[in-house]
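Subject: Structure for you to look over

Hello,

The sequence and structure are below, and my notes on them follow. Please read the notes with the structure open.

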Amino acid sequence: MVENRDEFPVDTSAFAERVAGHLRRPERLDPSFDDRLMRRVEIEAPSLYARNRPNTARWWKTERVVRLSPLGALALAAGISMFVALSTLAVGSRDWRKAGTPDVAAAAASTAIRSDTVNLVRFVFVDSNARRVELVGDFNEWAKGTTELKPSAAPGVWTVSVPLSPGRHEYAFIINGSRWVADPLAAKSSDDFGTESSVIRVGASAKSTT
Amino acid sequence: MSEQSDAQLIAEILGGDVESFRVLVYRHRDTCTRFAVRMLGSHADADDVLQSAFMRAYRGLSKCRDRDRFGGWLYRIVVNECRTFASRQRQRDLRFVNDGELLDRAEAKKDEPSAEDMSEQIDFALSKLPREQREAFLLKHVEEMSYEDMSAATGVSVPALKMRVKRASDTLRRLLEGVVYG
């Protein structure tokens, strides 16, 4: 017979609850706390995070009047034509590379040719009980809702391909919108606060993750 | 205040919106304050610790990976900051110096416990607990965290936390005999 013994049972006694009731009374800091903190934050913010990024995204919404001389207008038109032509070339080049690199191994070959190549990495996650699988990592700012895996033909197998720059990347999967799971077959990494994630190195020695 | 989730606020902060951090602070400040005041026994010390903790959180926000659990992540920072502060405080030996006198006061009050000084006596009894027991008792019974969340916040195993809570309760029961019944 197995004895179900808890050496240190949870103390849910009326005594603990009465003590805790007193200790739950609210405490307030000096009213200047928030302002003092935010002054320090304001000082560090520009060097930490992209300052005013929301505003820069809106520059094109602002109505502006630009006055050009006939010669200036001609130069601008020529510049725009050149920009469009170069963009077309760049997009064509990227599409060609994408089509030719379905996995990391193939992508690794292209990195030898151009150091700024973006590799298409295929992430695979297997969980027959999952209803939704997302990928988060340093490449998408660890933001939920940005990279969702799609169910493949095989039951319980979820995949997504993500363009990654060469180098070390950290990632994790989020199952059914809430459960955080590190890749069981990849090298592990954890942040300062114990959240575990996985590591992939994209480059010459890169390999597909499962 | 804002209806946005913590995860949404964090995304905005990382995008350069400083004011979203003010909302995040407002949302979590009071629970952190209560814990820090109980741990350190002083509002001034709690203020110092929480300034430091929130700055550390701001600087490390891009490392908060599971953003839906920001509260637990922040608790871990606050717990660590309280530990660091308490260890420095112990070295300086500034607080609770005259234990004999305070214990006599507590003993005297046992004879005439009243509602208004009961909280004071409980605070004092709490201050007599070893730091790790006080931390475990507060997280379990005051902040009402699960043992799993406590383990994530403290880096201590669940069985060890249960032991600490049990020992804290036993010590409090002894110190508060005649003051708190149950």
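α2(B) and α3(B) cross in a right-handed sense. In this predicted model, their axes come within 9 Å and cross at roughly 140°, and the two helices are therefore oblique to each other. On the α2(B) side the contact is made by B:F21, B:V25, B:C32, B:T33, B:A36, B:V37 and B:L40. On the α3(B) side, B:H43, B:D45, B:A46, B:V49, B:L50, B:A53, B:F54 and B:Y58 meet them. By class, twelve of the residues in this contact are nonpolar, two are polar and one is charged.

The crossing of α7(B) and α8(B) is right-handed. From α7(B), the residues B:E135, B:A136, B:L139 and B:K140 take part, and from α8(B), B:M150, B:A153 and B:T154. Here the division is four nonpolar, one polar and two charged.

The loop between α7 and α8 of chain B holds B:E144. The phi of B:E144 is near 55°, a positive value in a residue other than glycine. Most residues other than glycine have a negative phi. B:E144 is exposed, because 10 other C-beta atoms lie within 10 Å, and the limit for exposed is 12 or fewer.

A:E141 sits in the loop between β2 (133-137) and β3 (150-151) of chain A. With 14 other C-beta atoms within 10 Å, A:E141 is partly exposed.

As for chain A overall, the chain has five helices and eight strands. Read from the N terminus, the order is α-α-α-α-α-β-β-β-β-β-β-β-β. Of its 210 residues, 20% count as buried. Among contacts in chain A between residues at least 6 apart in sequence, 55% join residues at least 24 apart.

Helix α1 of chain A spans residues 14-23, and its buried residues are A:A16, A:V19 and A:L23. Seen down the axis of α1(A), these fall within an arc of 70°, so they line one face of the helix. An α-helix has 3.6 residues a turn, so residues three or four places apart point the same way. The face of α1(A) turned away from the buried side carries the exposed residues A:A14 and A:E17.

Further along chain A, A:A186 is found in the loop between β6 (179-181) and β7 (187-190). A:A186 is partly exposed, with 19 other C-beta atoms within 10 Å; a residue counts as buried at 20 or more. The C-alpha atoms of A:A186 and A:V199 are separated by 6.4 Å, and the two residues are 13 apart along the chain.

Last, the interface. Contacts between the chains involve 54 residues of chain B and 49 residues of chain A. On the chain B side, the elements that give two or more residues are α1 (6-14), α2 (19-40), α3 (43-59), α4 (70-92), α6 (115-127), α7 (131-142) and α9 (158-175). The chain B residues on that side divide into 27 nonpolar, eleven polar and 16 charged.

Regards

How values were computed
Residues are numbered from 1 along each chain as its sequence is written. Chains are lettered from A and ligands numbered from 1 in the order in which they are written. This is a predicted model: local features need pLDDT of at least 70, side-chain atom pairs count only at pLDDT 80 or more; totals for chains, interfaces and linings use all residues. Two residues are in contact if their C-beta atoms, placed from the backbone, lie within 7 Å. Helices (H or I, at least four residues) and strands (E, at least two) are DSSP runs, numbered from the N terminus. Ala, Val, Leu, Ile, Met, Phe, Trp, Tyr, Cys and Pro count as nonpolar, Asp, Glu, Lys and Arg as charged, and the others, Gly among them, as polar. A crossing is left-handed if the near helix is turned anticlockwise from the far one by less than a right angle, and right-handed if clockwise. The arc is that of the directions from the helix axis to the C-beta atoms. Axes are lines fitted to C-alpha atoms, for helices over the stretch in contact, and angles run from 0 to 180 degrees between N-to-C directions. Angles under 35 degrees count as roughly parallel, over 145 as roughly antiparallel, 65 to 115 as roughly perpendicular and the rest as oblique.
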